[in-house]
Amino acid sequence: MIGILISLLAFPVAAESPDLMKRQPDVPLLADFAVPERVRFQLENGMRVVLVEDHRVPLVTVSLAFVGAGRIPGKGSAGVADAFAALLTAGTARLNARTIVEEADAFGGTLAGSATDDDIFLSGFSLSEKAERLFSLLDHCAFESTFPEAEVRLRRENMLEELSINRSQTDYLGGVAFWRALFGDHPYGTAVTEETIAKIDRKGLGFLHVRASVPSNMILYVVGDIDRKWLEVLLQQTLSKRTGRGALTVPPYPELKVDSKARRRVLLLDRPGSAQAALRIGHRAPRETHPDYPAFEVANMVLGGSFAARLTTDLREKRGYTYGIYSSLPSWRSSAAFDIGSKVRTEVAGKSIKVVLKHLKKMRRRGISDAEIRQAKNLLIAGFVSEFETQSGTLEAVSHADLRGLPENYLDLYVHRIQKVTRKHARAAARAHIHPDKAALVVVGDAATLERSLKRLSKPPLARVDENGVPLAR
Amino acid sequence: MRRAALAALFFVYTANASAFTIEHSTFTLPNGFRVVLAPDRSVPVAAMAMLVPVGARQETKGRSGFAHLFEHLMFDGSAHVKKGRFDKILEGLGAESNASTHLDMTFYYETLPSNALPVAYWLDADRMSELRVYKKNMRNQIEVVKEEKRLSVFNEPYMPLLWIEIQKKIFSNWANAHDTYGGFEDLDAANLSDVKKFFSDWYAPSNTILAVVGDFDPKQARLDLERYFAWIPDRSARGKVDLSEPVQAGPRTFRIADKHARAPALATVWSGTPKRGSRDYYALTLLGRYLYSGKSARLYQRLVKEEKVATAIDEPYEGGLGFPVSDWDEYREPGLFGGIVVHKSDAGFDRINSMIIEEIAKIAQSGVPPKALERVKTKFKSDWAVSGQTALGRAWILLRHAALDGDSGRANGEVDRFMDVTVEETKRVAEKYLGQKTRNEFIVIPKKAGS
């Protein structure tokens, strides 16, 4: 028996604590993590299928990707792909929006569309015992949606309503101006406006549907309690029957590389009376395919990727300028960015930007400590492996790597690549890919109070932008 | 590199029995800590969780809010972990931690990459053996919990009703009637010796259940738990608190002014609900989901869609068994059943009320319609599966059954007990529990501050 039984009512319990309590236990390296196997096959109509068998819970999770369909609407059509995705479950000749929801309830899950600037998805899940009904509804909505006039109108109204709510929020506006600064009028850089919403109509959505619902341009991702044999049976009754092979694919946009001509510039969006200012700071950055990427990810984590990172420690804990500040590396099929965001008190906005720029310079010039590197790697690895706890996380990781055109073994080698990053690598990556002198500095807030403190932050004169991020004529 | 399909290691599903099973083992350390181990090696992630069966209802009169205050103090420094270090250490490892205070329990957890599991053992053992509570951090945390109550109760529409008034008006036993956040005068009056007494009364090893779920070797985990936890001396924990309630004698109506509400609301709440784990418990839980849960819920369809008199039946809280402050999963009698309907100003609460009574009467007449009951069961099963995907989700399932049913094994087979509910049973529980005599109506009237 270990331990001695003593009955004590005092507080704290005055028992002798054993030696092992005196220091924090060591943490060994995480054991090799085998990302679950992805089985790939192709249907006769050209549709590709990626299956990850996961029998841990009696669920099946699916996502049907209309590959490249997010790019079909083209320039000046922000929001069209989103509306299309949302309306995939708004009605077919046989079912209306309500019966579609009821059917999803009946298979114990959901089915809903979503869109990015590159792809469109129809995704959902069900109890595995009801997978037949999930596949049937997925197939039906993906190919038979009729985009009923009344639902299209309702969607437009809701989008206008959402836009007006979003525009009342400084951080939304900060994002709009930031992406515009990085990508100009490229679809990656533009947000929905009243004009682009007005363009959404039944006819256009119908054309998009014809162009997008081509089996050979689709990938079906399946993660769940289902084996290949049963999956093939379900597909034979549904998605395998669809035709349209050989239609044009939608090529990725040309790569939008780091802009070597970019200069540091301040963009200010006026929200009179705003007590807080939203900040976005950053520039284009290399994608996951770049050899430096793991080291860059570690460096970003050290800088602002977590609650324990430098930016939070300084701006939140030490100075109390903000409740939160983060830096991240969002990416698309054809580009990526280095992106810092925060909301600060108006009177310290200028100072906050200066402090952030100081940290960027410090990342480039000075070292990163062993403790910081260790912690950053732990966080990245923990975040990565925990995605595979759930079916939706697994599906997300697999489809993301796939649709970004990353190598087949990208996921398998992820943990290994991060573990290999050294202080030297991370610092070199920071120096190569963090550019305070090329950064767009976006500020949304009360211009009258802010302008003075922002003027000296860049050589080009401060530019005012409108709520779409477009520079105002001076 | 090794590759493997994610195997069915713990969540075994067989079509014939519809069994949702979490394979696990249990043992008790010499000092009384009960331990539940549920290994699953598919992903290198683990959850360490502790459940102490003390919540708001176990508090002493004049010391309301202590269970919640104590939850905060558990993160605020212990023998070898200085104030502020607990979170920092876990963050550095890519781990997360949090806790929650319920009516009958306080639940603590860490989720972390499995290589860091020993750090969670160490942190939890340290705070279970010797908390460092000083006057200054106690005062500080008292202010924090008061602020939490101001923000999430006093500053939000309908929350004073849901968090305070319903229990206060319906229950007559103080243990059931007071709220989890506690009265400010009770919190302000707290002194260090109260806090120490609370710790020694309730946070004893023999009163605590530990669960480790996820990627670990059970033999190693047992050794580690013995090293870190078995040396902590047991203390005599307090016995059970009397929660008994008299039977309600007749219907009651209360009017509540709410200065943050923009629309009027009607909460209908029944007392005298069934014993946890009884057949009636399962039937009434599913009946609640039929009435209140989601867009296909009967009351949503009737009041929002068909009659267009209400705007929400699941905001801010979804109704059902355990309403308003607990949920069916953590439910224990004496409890309540009911829900809140936020309605249009011109609809009038009488109309809303009669529609609710009518829907209940239909169920008492012929039960939940078979097709609808099937749909509710499917959704229930699916929700259960979704919640069991993560190590933390499984820890919560196992610990709540260990604490409330005295047996973590009760978690396995629980889904089947819900699936066994018949239309006839839903009819019977509607008749038995949702009658006139035990009904309470709360009419919320929006009232601008100062008017």
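Reader: Is helix α9(A) largely enclosed by the rest of the structure or exposed, and why?

Author: This is a predicted model, so read every value as computed. In α9(A), 12 of the 12 residues are buried, so the helix is largely enclosed by the rest of the structure.

Reader: What span should the 12 residues of helix α9 have, and what do the end C-alpha atoms give?

Author: Helix α9 of chain A covers residues 293–304. At 1.5 Å a residue it should span 16 Å, and its end C-alpha atoms are 16 Å apart, which agrees.

Reader: Which residues have the most contacts inside the largest nonpolar core?

Author: General idea first. In soluble globular proteins, nonpolar side chains tend to be buried together. Here the largest nonpolar core has 280 residues. Those with the most contacts inside it are A:F84, A:V298, A:V443, B:A49, B:A395 and B:L399.

Reader: What does A:F84 touch, leaving out residues up to four places away in sequence?

Author: A:F84 touches A:A115, A:I120, A:L205 and A:L208.

Reader: Where does A:I418 lie, and what does it touch?

Author: A:I418 lies in helix α14 of chain A, residues 414–420. It has 21 C-beta neighbours inside 10 Å, so A:I418 counts as buried. Leaving out residues up to four places away in sequence, A:I418 touches A:P294, A:V298, A:K377, A:L380 and A:I381. The C-alpha atoms of A:I418 and A:Y293 are separated by 9.5 Å, though the two residues are 125 residues apart along the chain.

Reader: Which elements do the buried residues of α13(A) pack against?

Author: They pack against β2 (48–53), β3 (59–66), β5 (120–127), β6 (218–224) and α12 (370–387) of chain A. The buried residues themselves are A:Q391, A:T394, A:L395, A:A397, A:V398, A:S399, A:A401 and A:D402. Helix α13 of chain A runs over residues 391–403. From first C-alpha to last it reaches 18 Å, close to the 18 Å expected at 1.5 Å a residue. Just after α13(A), A:G405 takes a positive phi of about 70 degrees.

Reader: Now chain B. How many helices and strands does it have?

Author: Chain B has 16 helices and 14 strands. Its radius of gyration is 23 Å, close to the 22 Å that the globule rule gives for 451 residues, so chain B is as compact as a globular protein of that length. The C-alpha trace spans about 65 × 60 × 40 Å along its principal axes. Of the 451 residues, 53% count as buried. Take contacts between residues at least 6 apart in sequence: 80% join residues at least 24 apart.

Reader: At what angle do α10 and α16 of chain B pack?

Author: Two packed helices are described by the angle between their axes and the distance between the axes. Here α10(B), residues 279–292, and α16(B), residues 423–433, pack at about 90 degrees, with axes 9 Å apart. They are therefore roughly perpendicular to each other. The contact is made by B:R279, B:D280, B:A283, B:L284, B:L286 and B:L287 of α10(B), with B:E425, B:T426, B:V429, B:A430 and B:Y433 of α16(B).

Reader: How many residues of chain B are in contact with chain A?

Author: 63 residues of chain B are in contact with 62 residues of chain A. Elements of chain B that each supply at least two residues to this side include β7 (106–113), α3 (117–129) and α13 (370–387). The largest share, seven residues, comes from α13(B).

Methods:
Residues are numbered from 1 along each chain as its sequence is written. Chains are lettered from A and ligands numbered from 1 in the order in which they are written. A nonpolar core is a set of buried Ala, Val, Leu, Ile, Met, Phe, Trp, Tyr and Cys residues joined through C-beta atoms within 7 Å. A residue is buried if 20 or more other C-beta atoms lie within 10 Å of its own, exposed if 12 or fewer, and partly exposed in between; C-beta atoms are placed from the backbone. Two residues are in contact if their C-beta atoms, placed from the backbone, lie within 7 Å. Helices (H or I, at least four residues) and strands (E, at least two) are DSSP runs, numbered from the N terminus. The radius of gyration is taken over C-alpha atoms; the globule rule is 2.2 Å times the number of residues to the power 0.38. The expected span of a helix is 1.5 Å times one less than its number of residues. Axes are lines fitted to C-alpha atoms, for helices over the stretch in contact, and angles run from 0 to 180 degrees between N-to-C directions. Angles under 35 degrees count as roughly parallel, over 145 as roughly antiparallel, 65 to 115 as roughly perpendicular and the rest as oblique.
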